[in-house]
Amino acid sequence: MRIFFGLGSNLGNRLQNLREAVERLKFFGDIIKASDVYETEAWGGVPQPNYLNACVSVESEKILEPLEILRAVKNFEVEIGRVKNIRWGARKIDIDILLIDDMIYKSPELNIPHINLHERLFVLVPLKDLLPDEWRHPEKHRSIDEMIEAIKCEEYPLMVTSLI
């Protein structure tokens with residue numbers, strides 16, 4: 001089972017927060033690949049500091065239920081220091097489950113693929129570092145390049161640094 005996670009941080013030592021999240025994600029299995037880290041403006045309209053964003057893929061030999069993964073991820077966020085605040089507000093760490101293989105999963109708590117995956121450059125650009133060229137969104141049936149191209153016209157500065 002391959003799980004793709006999106007990571008974001010805009011409070012404290014942002015790079016260290018991302019690295020700590022990667023260490024915790026090893027709970028699920030082997031880290032197969034980590035994207036570069038991208039600095040981006042905050043999304044969602046709440047004034048706040050810039051984010052560092054990255055994606056990682058994990059190969060798990062365990063068969064895990066999506067809600068099991070979500071519960072563990074939410075615990076990791078709290079352990080790293082995330083405090084619940086306003087929606088899309090500043091945070092020390094945010095860990096999103098983006099994809100689980102080619103699964104389509106819907107519940108009141110969780111949607112796989114991530115419900116906003118196709119409209120967020122700060123997720124699509126680092127996720128492109130991890131996915132094969134032939135990958136297509138399980139619901140939208142578009143490639144990652146097609147999804148990036150569809151929203152690329154927005155002004156969105158991305159600056160790269162290394163996660164590992």
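Visitor: Leaving aside its neighbours within four places in sequence, which residues is Met147 in contact with?

Guide: A contact is counted when heavy atoms lie within 4.5 Å, and by that reading Met147, apart from its neighbours within four places in sequence, is in contact with His118, Leu124, Trp135, His137 and Arg142. Keep in mind that this is a predicted model, in which local features need pLDDT of at least 70 and side-chain atom pairs count only at pLDDT 80 or more, whereas totals for chains, interfaces and linings use all residues. Residues are numbered from 1 along each chain as its sequence is written, and side-chain values use heavy atoms, with hydrogens and water left out.

Visitor: Where is Met147 found, and is Met147 buried or exposed?

Guide: Burial is read from relative accessible area, with under 20% called buried, over 50% exposed and anything in between partly exposed, using a 1.4 Å probe and protein chains only. Met147 is found in helix α4, and with a relative accessible area of 0% Met147 is buried. For a sense of distance across the chain, Met147 and Asn50 are 97 residues apart in sequence and 23 Å apart in space, taken from C-alpha to C-alpha.

Visitor: How many helices and strands does the chain have, and in what order do the elements run from the N terminus?

Guide: Helices (H or I, at least four residues) and strands (E, at least two) are DSSP runs, numbered from the N terminus. The chain has four helices and eight strands, and from the N terminus on the elements run β-α-β-β-β-α-β-β-β-α-α-β. The radius of gyration of the chain is 15 Å, close to the 15 Å that the globule rule gives for 164 residues, so the chain is as compact as a globular protein of that length; the value is taken over C-alpha atoms, and the rule is 2.2 Å times the number of residues to the power 0.38.

Visitor: How much of the chain counts as buried, and what share of the contacts joins residues 24 or more positions apart?

Guide: Of the 164 residues of the chain, 48% count as buried. Among contacts in the chain with a separation of 6 or more, 71% come from residues 24 or more positions apart.

Visitor: How many salt bridges does the structure hold?

Guide: Side chains of opposite charge can pair when their charged atoms come close. With a salt bridge taken as a side-chain nitrogen of Lys or Arg within 4 Å of a carboxyl oxygen of Asp or Glu, the structure holds 12 salt bridges. In one of them Glu39 pairs with Arg14, the closest N and O atoms being 3.1 Å apart. That pair links distant parts of the chain, since Glu39 lies in strand β3 (residues 37–40) and Arg14 in helix α1 (residues 14–25), 25 residues apart. Arg14, at 22% relative accessibility, counts as partly exposed.

Visitor: Which parts of the chain does the pair of Arg24 and Glu79 link?

Guide: The side chains of Arg24 and Glu79 meet in a salt bridge at 2.5 Å, N to O. This pair, too, links distant parts of the chain, with Arg24 in helix α1 and Glu79 in helix α2 (residues 66–80), 55 residues apart. Arg24 is partly exposed, with a relative accessible area of 25%, and Glu79, at 47%, is also partly exposed.

Visitor: Are Arg82 and Glu77 buried or exposed?

Guide: Arg82 is buried, with a relative accessible area of 16%, and Glu77 is buried as well, at 2%. Their side chains meet in a salt bridge of 3.3 Å, N to O, and both residues belong to a network of salt bridges that links Lys74, Glu77, Arg82, Arg91 and Asp94.
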